[in-house]
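Okay, thanks for coming, everyone. Let me put the structure up, and then I'll talk you through some of its side-chain contacts.

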Amino acid sequence: MEWRGRRGSRNVQDRRGMGRAGAGGMGIVGVLVVLAVGYFFGIDISPLIGAIDDGGQQQSQPRELTAEEREIGQFVSVVLADTEEVWAGVLPEQAGVDYADPTLVMFSGIDSSACGTAQSAMGPFYCPNDRTVYLDTDFFRTMSGKMGAGGDFAFAYVIAHEVGHHVQNLLGILGQTMQARQQSDQVTANRISVLTELQADCFAGVWANHASQQFNSIDEGDIDEAINAAAAVGDDTLMEKAGRAPMPDAFTHGSAAERQEWFKRGFASGQMAQCDTFQAAGM
């Protein structure tokens, strides 16, 4: 993926060098929101990184970012800018809805969000309450070292997937799925969650289709990286890496095969109409 020297987004907040005393003060309401929203939109990678919540008590000191961290920050900014430009045209054209840019917050370890505590073990996630994507950029190192899913475009896919949730939020889909999950039994709620995630994968594919044409910065090898990353974050893959037998009824994000399929469907068509995972599932 050719990204160096290109325009970055103004909607990125870099909190990685800030001193933080955790994100405490969440309270019972915040805990409930994290359970209902944070995990729903994040990828639980705690079995892979051995992360443990310290209860928001650990003090960290302000620090200078490394050269690698600064470069990653520039990369994230360029990818977010690409999503802004693509969706500003695609969403009104294909769905009749104006696109409003989300914010993206980069943090280290732990931070606070309008959905409660943001922490590395949750993986990247989108909070609809403040229309913000939260990303600990160390997740990219985890992808490369422990998930076998490295590469610039693999990382871009992660950002595009979370922006896909933002598109769902603008369309009113997230509110509908949240309500449906709350009124369903656990197995059905999990399935609704899976369909929501697969649609975000498909939207990421739609973005990749248009970005490839619009910026001429993506080649076939980049798409292979994204497809590999989609498999790496499949529920069955993550369960197996954690030493657990895959249990489809417990999936919340979709299997490796499903995530690959829906990303490829979005990329092949470039059409949001091809991303109706709920209709495809008879829901």
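So, to start: is Arg 191 buried, partly exposed or exposed? Arg 191 is partly exposed, because its relative accessible area is 34%. The cut-offs there are under 20% relative accessible area for buried and over 50% for exposed, with partly exposed in between, using a 1.4 Å probe and protein chains only.

A bit of housekeeping. This is a predicted model, so local features need pLDDT of at least 70 and side-chain atom pairs count only at pLDDT 80 or more, while totals for chains, interfaces and linings use all residues. Residues are numbered from 1 along each chain as its sequence is written, and side-chain values use heavy atoms, with hydrogens and water left out.

Side chains of opposite charge can pair when their charged atoms come close. The rule here is a side-chain nitrogen of Lys or Arg within 4 Å of a carboxyl oxygen of Asp or Glu, and that gives nine salt bridges.

Back to Arg 191, then. Its side chain meets that of Glu 258 in a salt bridge, at 3.5 Å from N to O. Glu 258 is in helix α10 (residues 256-269) and Arg 191 in helix α7, so this pair ties together parts that are 67 residues apart in sequence. Helices, by the way, are DSSP runs of H or I with at least four residues, strands are runs of E with at least two, and both are numbered from the N terminus.

Next one: Asp 82 and Arg 6. Their closest N and O atoms are 2.7 Å apart, and they form a salt bridge. This pair also links distant parts of the chain, with Asp 82 in helix α3 and Arg 6 in the segment before β1, 76 residues apart. What about burial? Asp 82 counts as buried because its relative accessibility is 2%, whereas Arg 6, at 26%, is partly exposed.

There's a network too: salt bridges link Arg 7, Glu 84 and Glu 85.

For a local example, look at helix α4. Arg 141 and Asp 138 both sit in that helix, three residues apart, which is about one turn. Their side chains form a salt bridge at 2.8 Å, N to O. Both partners are partly exposed: Arg 141 has a relative accessible area of 48%, and Asp 138 comes in at 35%. While we're on Arg 141, its C-alpha is 9.8 Å from that of Phe 155, 14 residues away in sequence.

A pair of aromatic rings is described by the distance of the centres and the angle of the planes. Rings of Phe, Tyr and Trp (its six-membered ring) pair if their centres lie within 6.5 Å; planes under 30 degrees apart are stacked, over 60 edge-to-face, and the rest tilted. How many aromatic pairs does that rule give? The count is seven.

Take Trp 87 and Phe 203. The ring centres are 5.9 Å apart and the planes are at 70°, so the pair is edge-to-face. Trp 87 is in helix α3 (residues 67-95) and Phe 203 in helix α7 (residues 186-215), so to speak distant parts of the chain, 116 residues apart. Trp 87 is buried at 1% relative accessible area, and Phe 203 is buried at 2%.

Now Phe 140 and Phe 155. Here the centres are 4.5 Å apart with the planes at 20°, so this pair is stacked. Phe 140 is in helix α4 (residues 138-146) and Phe 155 in helix α5 (residues 152-171), 15 residues apart. Both are buried, and ring pairs link the two of them with Phe 75 into a cluster.

Asp 111 lies in strand β3 (residues 110-113), and at 0% relative accessibility Asp 111 counts as buried. Its C-alpha is 8.8 Å from that of Tyr 134, 23 residues apart along the chain.

Then there's Arg 131, in the loop between β5 (125-127) and β6 (132-136). Its phi is near 50°, a positive value in a residue other than glycine. Arg 131 is partly exposed, at 39%.
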